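Student: Hi! Could you walk me through a structure today? I'd like to ask things as they come up.

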Amino acid sequence: MIGKLETLVAKFRELERELSAPEIFQDQERYKKVAKKHAELGGIVPEIETYKGLLREIEENQDLSKDPDPEICELAQTELADLKNRLRDQEDLLKRLLTPRDPLDEKNIILEVRAGTGGEEAALFAADIFRMYSRYAELQGWRVEILSGNDTGTGGFKEIVASIAGTDVYSKLKYESGAHRVQRVPATESQGRIHTSAVTVAILPEAEEVDVTIDPGDIRVDVYRSSGPGGQSVNTTDSAIRITHLATGIVVTCQDEKSQHKNKAKALKVLRSRLLQAAQDESKKVYDENRKAQVGSGDRSERIRTYNYPQGRITDHRINLTLYSLDQAMDGHIQEIIDGLVQHYQAEAMKES
C-alpha cells in the first residue's frame, strides 16, 4: 500500500509543477484536466502524509518500548497501542478515498414508481413511496418536479415519474431501485386480513444532451389529446406527447403540461435518462459476465425492502437491516438506511479495487 501512496504523492507534486508552468495556460483544455486531477489528489495527499507520520511514530515507539528504563518502556507501549488504532482508522479512510468514485454520483435523477402486484392497494402504496422520497428530498434541500403521472382517482398511482435535482442526488438514491414490498391491512379489507402488495422503483441518473445524443430519425413522436380527471386542456388540445425510440422500443409519454413543447421536452429528458441507464445496464452485464463474483447493484428485479405496517417494521434485505421506525421512514427519515447501503456498497467496491 505504501508504494501506491508514494506514487500518488509523486504524481501530485508533478501536477503542481505542471500547473506552475506558464505555458499550461495556453492550452485551456489541458489546464482544466490537470487542475481537476490536482484538486482530486489535493484532498488525499494530506491524509497520506498523516498516514506516513503515524508509521514513523510507531517505528519510534517500537524502539522506545525496548528501552531498559521500565517507565519509558511502559509509556511507549501504551502510546503504541493508541497509534496502531489510529493507523487502522487512517488506512480505512485512505481506502475509502482511493475507491474509484462513480462518475454519475453528482447527477440529478429521474425517479419512477410503478404499482406492481396488489391492484388498488399497490397503487396506494406507490403514492406512499413517492411521498417518502419527496419528503426525503425536501429534508435534503432538493427540488422535486413531477414529469408524468397516471393516478387512479382514489389517491393512488399506477405510475408516477419525477425529476429530483440537488447536490449528489444519485449518490444517495442509486441503491433504491428494486421491488418494494408492503404488508398491511388495506382500507377496503373488512376482515382485517393482512395483504402483501408491491411497487417497483427505478432510479435513473438524469442524462444531459452531452451524455446521450438522440438522432431525430431514431424516434417517432405521436401527438394526442390529454386525458385525465378534468382541467381546461383535457380533451381540448393535442398537447400530450408519446415518444418511441425505434432502436430500443422504449416508449415515454407526457401529458402533464398544457404546452405540447413542454411535454416533449419532459419526455425527451426521461428518454435520455432511460437510454443512459440501458447503456449502464448493458455495460454492467458484460462486466458481470467477465467476473464470476457479482457485486449487488440494487437491480430493479430484486426484492430489496419490506414495509410491515402491523409491526411498524422496515427491513432492507440486502444489508439485513431492520428498523422499527416505519412511520418516521414513510415521512422521509430514511437516512440510516441510505447510509447503511452506501457503506455496504463502498466496502464491496473497496474489495474489488
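Student: Which backbone oxygen does the side chain of Arg274 reach?
Tutor: The backbone oxygen of Val251, at 3.0 Å. That is a polar contact (a pair of N or O atoms within 3.5 Å; within protein, one must be able to donate a hydrogen and the other to accept it, and residues adjacent in sequence count only if both atoms are side-chain atoms). Before we go on, this is a predicted model: local features need pLDDT of at least 70, side-chain atom pairs count only at pLDDT 80 or more, and totals for chains, interfaces and linings use all residues. Residues are numbered from 1 along each chain as its sequence is written, and side-chain values use heavy atoms, with hydrogens and water left out.

Student: Got it. Where is Arg274 found?
Tutor: In helix α7, residues 260-290. Helices (H or I, at least four residues) and strands (E, at least two) are DSSP runs, numbered from the N terminus.

Student: Is Arg274 buried or exposed?
Tutor: Buried, with a relative accessibility of 17%. The cut-offs are under 20% relative accessible area for buried, over 50% for exposed, and partly exposed in between (1.4 Å probe, protein chains only).

Student: And what does Arg274 touch?
Tutor: Leaving out residues up to four places away in sequence, Arg274 touches Glu112, Arg114, Val161, Leu204, Ile250, Val251 and Val252. Contact here means heavy atoms within 4.5 Å.

Student: New topic: how many salt bridges does the structure hold?
Tutor: There are 23. The rule asks for a side-chain nitrogen of Lys or Arg within 4 Å of a carboxyl oxygen of Asp or Glu. Take Arg184 and Glu121, whose closest N and O atoms are 2.4 Å apart. Arg184 sits in strand β4 (residues 178-184) and Glu121 in helix α5 (residues 119-140), so this bridge ties together parts 63 residues apart in sequence.

Student: Are Arg184 and Glu121 buried or exposed?
Tutor: Arg184 is buried, and Glu121 is too.

Student: Which residue forms a salt bridge with Asp331?
Tutor: Arg135 does, with 3.2 Å between the closest N and O atoms. Asp331 belongs to the loop between α8 (326-330) and α9 (335-352), while Arg135 is in helix α5, so the pair links parts 196 residues apart in sequence. Asp331 is partly exposed at 25%, whereas Arg135 counts as buried at 19%.

Student: What about Asp222 and Arg220, how far is it from N to O?
Tutor: Their side chains meet in a salt bridge at 3.4 Å. Asp222 is partly exposed, with a relative accessible area of 22%, and Arg220 is partly exposed as well, at 42%. There is also a network: salt bridges that share partners join Glu6, Arg13, Glu16, Glu49 and Lys52.

Student: Let's do a helix. How many residues does α3 have?
Tutor: Helix α3 (residues 45-64) has 20 residues, and it reaches 29 Å from its first C-alpha to its last. That is close to the expected 28 Å, where the expected span is 1.5 Å times one less than the number of residues.

Student: Which residues of α3 are buried?
Tutor: Val45, Ile48, Tyr51, Lys52, Gly53, Leu54, Ile58 and Asn61 are. The buried residues of α3 pack against α1 (2-20), α2 (28-42) and α4 (70-98).

Student: What is Val9 in contact with?
Tutor: Apart from neighbours within four places in sequence, Val9 is in contact with Val45, Ile48 and Glu49. Val9 is found in helix α1 and counts as buried at 8% relative accessibility.

Student: Why is the pair of Tyr136 and Trp142 edge-to-face?
Tutor: Because their planes are at 80 degrees, with the ring centres 5.6 Å apart. Tyr136 is buried at 1% relative accessibility, and Trp142 is buried at 9%.

Notes:
Phe/Tyr/Trp six-rings, centres within 6.5 Å; stacked < 30°, edge-to-face > 60°.
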